[in-house]
Amino acid sequence: MEKKKILVTGGAGYIGSHTVVELHEAGYEPVIIDNFSNSKESALDGITAITGQQFRCYRVDCTNAAAMREVFEQEPGLEGVIHFAAYKAVGESVEKPLEYYHNNVGSLVALLQVMREFNVTNLVFSSSCTVYGIPENLPVTEQTPVQKANSPYGNTKKICEEILSDVAQSASTLRSIALRYFNPIGAHPSAKIGELPLGVPNNLVPFITQTAAGIREQLTIFGEDYDTADGTCVRDYVHVVDLAKAHVTAVERLLEAKGDKIEFFNVGTGSGNTVLEAVQAFERATGVKVNYKVGPRRAGDVPKIYADVTKATEVLGFRTNSTLEEAMKSAWDWQLSLQDSVTNV
Ligand code: WQD
């Protein structure tokens, strides 16, 4: 039987590459688009090493509708699209808001226009728990009110969700699922793909692994005076492979034409851990100590957020298959594999 073809924008990126692998495992044929602005071609080699397949990859910027159109022409019969391609650094978005609006909002609009032209009607969109702002009640459900974003990056996710809602209200045949990610961490168990931050990492786990590896001198924990068990911020750290699988089940749901024209799902584990607990979990999982100090709070950090994942569990069959320690171990194995290769240096 012909495999169903799914276009994955940002398919060479962190979550995208893991999703390409899971799509293949589930019997789909992924086709990748990436402009490699925040990813490396070595991710494609990692995908090939895991799957034994070389998937077609188009070096295209998703804001370029004409170039996107050419991809759709060359790839007839696309059944759906998973749209990861976006900028994602909160701090940078404050410095360069126009770049963020152009890239993140512009690429979604261009993609939706081209999808409409080619009558491709299924879309999974990468959203974020950042749309909840600082929530009043925890855990957050999909009914928790969306709040004003506290960065241009967060606002692009909120605006993109609104665009999808507006399209759903219209006569459009588009069906979409927005997955609101909590904090994706870890790497594929093969250690062939993982997170590849360019430059100094913004996110906690790559900073931990690079510090443990001696690439960074010291981790700074941003604040220990929050109203939490140990004073450090609480997050919901979800293994990237579990998150990748949620995209596959979301695609399946769209292809079966189940549910409303637009649906939102939280994808986390359902439990929160403090930054200190995350560091300790890394140390326990790997036996490697992390040199850290406590510094001041980071501007814009949400003190505490974690997901209620009942909806994803019941509707998408979402499951958390690994513990925080296992996720940390996989991140460390990936870090070690980078040191063995020349790609990261
Ligand atoms: C986690 C915790 C930090 C680095 C952001 C986006 C979100 C999502 C993921 C896309 C916080 C603390 C971090 C460090 C630290 N999107 N920390 N020292 O801010 O929860 O979420 O990234 O990428 O939309 O908002 O993730 O990994 O930056 O931070 O103490 O060197 O670790 O203060 O409490 P965050 P993070």
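Ala, Val, Leu, Ile, Met, Phe, Trp, Tyr, Cys and Pro count as nonpolar, Asp, Glu, Lys and Arg as charged, and the others, Gly among them, as polar. By this scheme, the shell around the ligand holds 10 nonpolar, six polar and four charged residues.

## Basis

This is a predicted model, in which local features need pLDDT of at least 70 and side-chain atom pairs count only at pLDDT 80 or more, while totals for chains, interfaces and linings use all residues. Residues are numbered from 1 along each chain as its sequence is written, and side-chain values use heavy atoms, leaving out hydrogens and water.

## The ligand

The ligand is surrounded by 20 residues, each with a heavy atom within 4 Å of it. The closest are Leu204, Thr220, Arg235, Arg298 and Asp301.

Ligand oxygen atoms lie 2.5 Å from a side-chain N or O atom of Arg235 and 2.9 Å from one of Arg298. A polar side-chain atom of Asp301 is 2.5 Å from a ligand oxygen. Of the 690 Å² of accessible area that the ligand has on its own, the protein covers 89% (Shrake-Rupley method, 1.4 Å probe). Strand β8 gives the largest share of the shell, four residues.

## Ser151

Ser151 sits in the loop between β5 (122-128) and α6 (152-169); helices (H or I, at least four residues) and strands (E, at least two) are DSSP runs, numbered from the N terminus. Ser151 counts as buried because its relative accessibility is 6%, and buried means under 20% relative accessible area (1.4 Å probe, protein chains only). Beyond neighbours within four places in sequence, Ser151 contacts Val90, Ser93 and Val94 (heavy atoms within 4.5 Å).

How values were computed. Buried means under 20% relative accessible area, exposed over 50%, partly exposed in between (1.4 Å probe, protein chains only). A polar contact is a pair of N or O atoms within 3.5 Å; within protein, one must be able to donate a hydrogen and the other to accept it, and residues adjacent in sequence count only if both atoms are side-chain atoms.
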